[in-house]
Amino acid sequence: MDISLNQVEFAYGDEDFRLQIPELKLAAGSHTAFVGPSGSGKTTLLRLLAGITQPQSGAIQIGDYSLQSLSDANRRAFRIKHIGFVFQDFRLIEYLNVQENLRLSYRVNEALNLTTEVNTRLKSLANELQLTDKLDATIDTLSQGELQRAAIGRALLPKPKLILADEPTGNLDPSNKSRILDLLFAHAAANHATLVMVTHDHALLNRFEQVVDFEEFHKKESTNA
Ligand code: ADP
Ligand code: MG
């Protein structure tokens, strides 16, 4: 899905953080890295792209969807149908085991059918993520790296057209980092998906066609005073 942002402005209540994005375009099927200091709004922009939060002004177009003109219910439906979100803090469900977590989208989305094909895909994805022997494990027994890989598997299983990954390699050792990046790129390519990834890993940046530095969007009121 092609993505375009126009004159987007977002603030949290009366906090002095302010995200201002005059224009940003991400081509369908492209790979974009978001970089910038902690607190510069990278996660906030992923949440805006997913329709989890709404900007105070401006337009966000994702494929055929103008997020600002959808109702809350339709924005949620859009998100469940098209977005694979890898949360920085994983957001796995503690009372479900690993494979139930991987299938979570199929529980909450009536439009997704849990077919035998999906279960076959789950097994192969678990294998790629080296989670095969963890499928029946409970979440509280996983290491940080395993939690991260489970969160990635959950996001990828429904074949989303837009993958939003918030520091998905942050808890992995160097060899796992490049393996996971290969996996994200391969899944994006197989589904013609657009990939947006937040990273602090400058060694990975040469693999992205576009690098967006948030320094540029993070203008506090005081800098204009
Ligand atoms: P990054 O992902 O680049 O580290 P974030 O998008 O998480 O940055 O945060 C940007 C700014 O917004 C920070 O100053 C952060 O403290 C603030 N912030 C994030 N989430 C909230 C929230 N739910 N309510 C109020 N302020 C928030
Ligand atoms: Mg963040």
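Guide: Two strands pair if DSSP finds at least two bridges between them, while strands (E, at least two residues) and helices (H or I, at least four residues) are DSSP runs numbered from the N terminus. This is a predicted model, in which local features need pLDDT of at least 70, side-chain atom pairs count only at pLDDT 80 or more, and totals for chains, interfaces and linings use all residues. Residues are numbered from 1 along each chain as its sequence is written, and side-chain values use heavy atoms, with hydrogens and water left out.

Visitor: What makes strand E6 (residues 83-86) and E7 a pair?

Guide: They share 4 bridges in the parallel sense, and the definition asks for at least two; Gly-84 stands opposite Ile-163 in E7.

Visitor: What makes E7 and strand E8 (residues 194-198) a pair?

Guide: Here 5 bridges in the parallel sense join E7 and E8, and Asp-166 stands opposite Val-198 in E8. The chain crosses from E7 through helix H7 (residues 174-190) to E8 in a right-handed β-α-β crossover, a term that applies if, with the strands pointing away from the viewer, the path from the first strand over the helix to the second runs clockwise.

Visitor: Why is strand E7 (residues 162-166) called largely enclosed?

Guide: Because 5 of the 5 residues of E7 are buried, the strand is largely enclosed by the rest of the structure; buried means under 20% relative accessible area, exposed over 50%, partly exposed in between (1.4 Å probe, protein chains only). Leu-162, Leu-164 and Asp-166 point one way from E7, and Ile-163 and Ala-165 the other way.

Definitions and conventions: Chains are lettered from A and ligands numbered from 1 in the order in which they are written.
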